[in-house]
Amino acid sequence: MRLFLMVKYALVNLPPIFLERMQTLLAAEFSAFLEAMHESRINSLRVNTPKLEPVGAQKLLEGALGVPLQEISWCNSGFYLSHTAKAGSHPLHAAGAYYIQEASAMAAAELLLGDWGGEWLQTHFPRVLDLCAAPGGKASHLAQLLQNKSGGTGFLVCNEIVAPRAKILAENLERLGLPALITNEDPARLAQAWGAYFDAILLDAPCSGEGMFRKDPNAALEWTPVLPALCARRQHDILEWAAQLLRPGGRMVYSTCTFTLEENETALEEFLQRHPEFELLHPPTPPEWGFVRGFGALQAGFRLMPHHLKGEGHFMALLHKKDGEAHDPKLEEPTPLERPMQKLWKEFESQFEPKIEQYSLLASVFKGEIQTFDPQTPSLERLKVVRLGTPLAEIKTGGKTNRLEPHHALSHFYQTNPVPTLTLEPIDPRLAAYLRGETLELEEGSGALEGWVLVQTFGLNLGWGKAVKGVLKNHYPKYLRHNS
Ligand SMILES: C[S@@+](CC[C@H](N)C(=O)[O-])C[C@H]1O[C@@H](n2cnc3c(N)ncnc32)[C@H](O)[C@@H]1O
């Protein structure tokens, strides 16, 4: 066996101590696991359902990406696709048609709010928190499930402790056109500020990342034998804060992308001992997740294992808070527009029709912008806030008059376009030119276009342009532009 293992180390570059621990954990299944870890990585994406309906999207994406898409059984918006597809650089990615997400990672949001456990959420205005949200894979999945479930009345808070990662999270939600409050906080400070306010929490914990070794060889290089114990200590603390943020009757998914007992079953066994007000739930779930083998004493955790399904390694469990006290924190007030700005906003609303009321949202001034604001927002006093919601307009000051310009995020937020549209077909070289930030020549016949224009492809908005005398000035943000 030792010789066999050494050959495998060389091939897949897995840390020997990790392999020894996995052998102890998996016993007879170890060789199947090792085989799977040696197979090539699997690509997948999740369709952004507020923009595209999954069945139609499958055909559209197969045509556009030039590869077949294969359904993922536990996520009706998830699809496998071949490595040859350049999904990340395709204009449809820029248009927010999908999020490139690992297949097993699609299980956690489904367990909390989707077909595999989410039927419980009957609250009219559900409040959902993603406590460790960047870069936003599971957060955007929660946002789309919540929109379906609550008819747009749900309130999603996405938190990320690391500031640059919180910025990436904001950009991803913006691309997908999904509204959420984004904070950049330590979970301890959120628990102290808000208490038991949320109906549902996703705790996708920072972990030793062993389940990602096949997908990301760097994860294996960064791993050390002491990492799981360090992560377990951090997970212990975050679980405590998450428990404080959940209302009685609420549900929480705890997930990691690692294999160790101490970060998964043991972490939860110890949590349940400290918190008798919580219990584990085990709703009917896809057979592929059914790797509940009684690791430790925990009987209701899900182990998604690469030798049992087409996906990477994940762990998750669904917790229910049986009792305790709910807390209704003081709510934040939107910052009203000053008098002269009110008039500008009225004009902006009639020209650009953001129609935020259909999601029960208001508008508030925030950091030089007008952003969507959810009346369920708890007090943000002394908290680091990245975004209140979706930015709708930029407040341009200077000179004698102030003005409002449509924000890039608004172009992705629209469900239907209220302003003139320039459609660029995939074969039109101006499509790539627009994404590079270049000025476009308008064809004869689009001469009627003047002023703000939404540029779209495949029926989805990419961003803004401004038509002036037969040319389109490019307003695609610099930070998104594709390199020439
Ligand atoms: C597994 S990743 C989250 C992935 C994300 N849920 C997604 O699906 O895209 C864990 C996140 O926790 C953050 N994190 C690290 N230390 C933390 C801490 N002490 N408290 C809360 N979050 C932390 C990391 O920066 C990282 O973004």
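In which helix does leucine 268 lie? Leucine 268 belongs to helix H12, which covers residues 265-274; helices (H or I, at least four residues) and strands (E, at least two) are DSSP runs, numbered from the N terminus. The model is predicted, so local features need pLDDT of at least 70 and side-chain atom pairs count only at pLDDT 80 or more, while totals for chains, interfaces and linings use all residues. Residues are numbered from 1 along each chain as its sequence is written, and side-chain values use heavy atoms, with hydrogens and water left out.

Leucine 268 is buried, with a relative accessible area of 0%; buried means under 20% relative accessible area, exposed over 50%, and partly exposed in between (1.4 Å probe, protein chains only). Beyond its neighbours within four places in sequence, leucine 268 is in contact with Leu239, Tyr254, Leu298, Phe315, Ala317 and Leu319, where contact means heavy atoms within 4.5 Å. Leucine 319 stands 51 residues from leucine 268 in sequence, yet their C-alpha atoms are 9.5 Å apart in space.

Helix H2 (residues 16-26) also has buried residues: Phe18, Leu19, Met22, Leu25 and Leu26. Because they cover an arc of only 120 degrees around the axis, they lie on the same side of H2; the arc is that of the directions from the helix axis to the C-beta atoms. Just after H2, alanine 27 takes a positive phi of about 50 degrees.

The next topic is a sheet. Here 4 strands form an open sheet in the order E13-E14-E16-E17, with antiparallel pairing; two strands pair if DSSP finds at least two bridges between them. Strands E13 (362-366) and E17 (403-406) stand at the edges, each with a single partner strand, so one side of each has no neighbour in the sheet. Strand E16 (residues 391-396) is joined to E17 by 4 bridges, and alanine 393 has proline 406 in E17 as its bridge partner. Helix H13 (residues 339-352) lies across E13, E14 (369-373), E16 and E17, at about 30 degrees to E17; axes are lines fitted to C-alpha atoms, for helices over the stretch in contact, and angles run from 0 to 180 degrees between N-to-C directions.

Finally, the cysteines. A search of the whole structure finds 0 disulfides, a disulfide being a pair of cysteine sulfur atoms within 2.5 Å. For cysteine 132, the nearest cysteine sulfur is that of cysteine 207, 10 Å away. The sulfur of cysteine 207 is 3.5 Å from that of cysteine 257, its closest cysteine sulfur, which is too far for a bond.
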